[in-house]
Structure formats: structure tokens, C-alpha cells
Amino acid sequence: MGDIRGFLKHDRRGPSRRPIGLRVLDWREVYEDFPEVDLRTQASRCMDCGIPFCNGGCPLGNLIPDWNDLVYRGNWRQAIDRLHATNNFPEFTGRLCPAPCEAACVLAINSDPVTIEQIELEIAERAWSEGWVTPQKPDALTGLKVAVVGSGPAGLAAAQQLTRVGHQVTVFERDDRIGGLLRYGIPDFKMEKRFLDRRIDQMEQEGTRFEVNAPVGINPTADRLLDEHDALILAAGATQPRDLPLPGRNLEGIHQAMDYLTPSNRVQAGDLPDTPISAHGKRVIIIGGGDTGADCLGTAHRQGAESIHQFEILPRPPDQRADSTPWPTWPLMYRVSAAHEEGGLREFAISTEEFVGDSERRVTGLKTHRVKMASQNGRMSFERIEGSEEDYPADLVLLSLGFVGPERSPMLDQLGVDLTERGNVARDSQWATNVDGVFVAGDMGRGQSLIVWAIAEGRSAAAAVDRYLMGATVLPQVVTPTDTPWR
């Protein structure tokens, strides 16, 4: 603890966002550079608590007080070592994680928490700029082969861990580039893809192999992967979107969020001259108030939408932590992301009842009503408020309602893995499915979750696979599986 009075002397402060009128004209990240002197001041606010609840708030168990103190003292080289000890990809989590560690910071009991996520990001970027992030090749090879299906954060974390202990790892990705939703689901204004590319380059230099345009279950088949590898990790995510089967759902102009975001990202990658689903000059309605909805919102701003409404069926959260989510849990409270700051109208406690179209079967609007929450038999429900009906015009409707689990694919049928009641791939306490040698990590087994959970599960599943192959492992297992109705 470098400055025992730091949390008393300094208020929380983070980097400024670029001016709205400027940043919506491009797809670059929204934040300005943060001066080192200011960052070290922020690191001094860490109290090095006797029980660091931030560690428990982070699924990775990041050693947050350690690297806060090292940054305060200017020991950047040691800071990245402490950070990489628990997190393979801090430059990803530093940009994309909602920071449950900050919600668990002891300062958050009655003040603003330490800027943990920004400090994490600055450590990672300093390490890259100084050349400290280099390939970590294994001391010896085991001669054993592992296939990883899916190249999102869970698959990449598992692959890197297993490569570094000497296994020959191949990652299979159905798309034309590596990264999963990090590549095609996250807009560049949240994370420019050059940061993803440099980490993939490091992994290739370490020995991890990547195969793209490889939909497992079709080409290659699951049987082939089992025949050619000693273990298989399923990490293909929970990519089956939740739909909204209402009257008029088949009208043209209604799209799932990922069907909208993916081609928009491909345009920025130079793969397409223009997106087939553009918000330019259109009245846009986004149904769903989560992070993916905010990604759609920021994308629509940059495409030049005429107007944007974002619908959320839940009531507006309070401005401060709700009593129902006491410290150190993740707080229910009203948040304004960079995309919300850029414009659009947010509508809470609203439910869509019908999509309306014209004679050409194109969507022209939505019929809605307001709702209130009620409890029935101990379960929350939404009751219609009579007389609250309202029509909203729309030329483009984006469904951002989350994901219901892994897609039902030939791969799952060929493998014969058991599924949970929620539709996720079932696993035991060692990340193993009911099929010998087949393991599962990330959203495919957990259900829709956070990037930090995906990395933590990928690391832990890698440890389980290494133990399965070698009888013991030096890899850390930092979390235990959830959603496991069978053993």
C-alpha cells in the first residue's frame, strides 16, 4: 500500500471520452489517452484491504491490490507479470469487462471504487508498447493433441494454456477469422481488432494452430476430431439468439442483433464495401437494453440513423445501488454507456405486442404497451398497464434479447453430449462431458455470461484437460463449473 491516505486525498477519475460529434464520424475507440501520472494517482486509492473483496469479485482471481501498488510505485514490468499470472488477455477484459471487481471494491461501500479496469488496461498496453509481451514457448512437447472448437475468449484461453505446457493445440473456427464474438460481435469503437490480432500472432508464435472456415460437425466432422486428437474442448459459445415471436415477426427489416453487427464489423475489416443491413436515414428501434443493445446503438449512430429508440421491459433502475443488490454484489443501478451518451431515447417498462408492416411486407412500426412488475407464486412477472398503448414508427428493428444457449448443430448430435435443462452442454466438476475425452468451457456450458468468466473457465478447463492427459497439472483451476445437473 503505497499511499495510506490515497483514497482520502483523491477522487475517482478515468480517461475522457472523445467528443461525441467527432467520435460518431469514425469507428475508433471512444476514450482519450490517460496520463501516467493520473493513473498512478488512481492506483494510490487502493487500500490494500486485509480481505481484498475485489479478488473475489473477479472470476479470474486477479491479484488486484498487488498490481495497483506496483503501478503506484512505477514498477510496470512486475505489474504485467502479476496481471498475466491470472489473466491471459488483460487488454480484452480491460476494454470489455463490466468490472465486477470494482463493484466488490471496499471503497464502493460508501464511495467510488478504484479504477481497477483502467489500471488493468494501462498495464497491458504499457507491456505491449515496451515489448514485454513475447511468445512463451513450452520447454518440451508432450506429443499429445488437443482440439479446441471455437475461438472466443474461452477457447483462446484454453488453447494458450495447453500450448504453453507442451500439447499440440489446434483451434477450429467456423468463421473466416479467429476471435468469435470478439471479432464480429464487438464493434471497433469498443475494441479495435488490431488488439485481437496481435494476441493471436503471439499464440501462433507459441505454437497454437488455427483453422478457419472449419464448421465442426460438417467439415471436419466431430468423429474425425476425436480420431485425430487426444482430447477435445467445446468452447463455441451460447450463440442461439432469443427471438420475439409476435405477430408481424416475419416482416422485412426485423433482424437479430448479431445479424446486424456482424456485417457492420466486416465492413470495417475491409471484407464488404457496405453492409446489407444499414441504419442510415432510418427510424431504428432496438429491443433489449443490455450491452449488445448498446453495441447496436453505437453502430446505428455511426451509420447515420434518423432516430433511435431502445426498449427495455424492466423498469428504470435507480441512480444509486439498489437495496436489493448490496455490496459486494453486482449493483442494480442506472448506467450510461458511451453509446447512450451519443444519443437515442431509452424507454423502460415497455413491451412490444405487434410488428406492423406495409403492403410490401416491410416493417413500419411497433404496437406497444407499458408494464409493471408483479410477483406471482414467488416469481416475477410483467402486468400490462391498461390505457398505456402506443405506436412507434420504425424502418429497422433490432432484437437484442440475449442468447438461450449453444446452437443445435451437427457437432453436438455427432458427439452425443448430454445437455442440461437449460440447453447448455452438461459437464462434471472437472469440465468433462459424458463423452470420454470431451470437455466444455465458457458460455457453451455456462450459458450467456461475461468475457471474464469465459477466460476463467477456459483456463480452468485447460487444467482439467492437462490432468486428464498427463495425470497431473501445473495449470491453475480458478473456478468450478456451474449448471451441472449430472455427475
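What share of the 487 residues in the chain is buried? Buried residues make up 53% of them, where buried means under 20% relative accessible area, exposed over 50% and partly exposed in between, with a 1.4 Å probe and protein chains only. The model is predicted, so local features need pLDDT of at least 70 and side-chain atom pairs count only at pLDDT 80 or more, while totals for chains, interfaces and linings use all residues. Residues are numbered from 1 along each chain as its sequence is written, and side-chain values use heavy atoms, leaving out hydrogens and water.

The chain holds 19 helices and 16 strands; these are DSSP runs numbered from the N terminus, with helices (H or I) of at least four residues and strands (E) of at least two. Its radius of gyration is 23 Å, close to the 23 Å that the globule rule gives for 487 residues, so the chain is as compact as a globular protein of that length. That radius is taken over C-alpha atoms, and the rule is 2.2 Å times the number of residues to the power 0.38. Along the principal axes, the C-alpha atoms fill a box of roughly 70 × 60 × 55 Å. Of the contacts with a separation of 6 or more, 68% are between residues 24 or more positions apart, a contact being heavy atoms within 4.5 Å.

Aromatic side chains come next. Rings of Phe, Tyr and Trp (its six-membered ring) pair if their centres lie within 6.5 Å; planes under 30 degrees apart count as stacked, over 60 as edge-to-face and the rest as tilted. The count comes to six aromatic pairs. One of them is the tilted pair of Trp27 and Phe189, with 6.2 Å from centre to centre and 35° between the planes. Trp27 lies in the loop between α2 (20–23) and α3 (36–43) and Phe189 in the loop between α11 (181–184) and α12 (193–206), so the pair ties together parts 162 residues apart in sequence. Trp27 counts as buried at 17% relative accessibility, as does Phe189 at 6%.

Phe311 and Tyr392 form an edge-to-face pair, because their ring centres are 5.1 Å apart and their planes stand at 70°. Phe311 is in strand β8 (residues 307–312) and Tyr392 in strand β13 (residues 390–393), 81 residues apart. Phe311 is buried at 2% relative accessibility, and Tyr392 is buried at 7%.

Charges also sit over rings, meaning that NZ of Lys or CZ of Arg is within 6 Å of the ring centre and within 35 degrees of the ring normal. Arg266 lies over the face of Tyr184, 4.1 Å from the ring centre. The charged end of Arg446 is over the ring of Trp453, at 3.7 Å from its centre.
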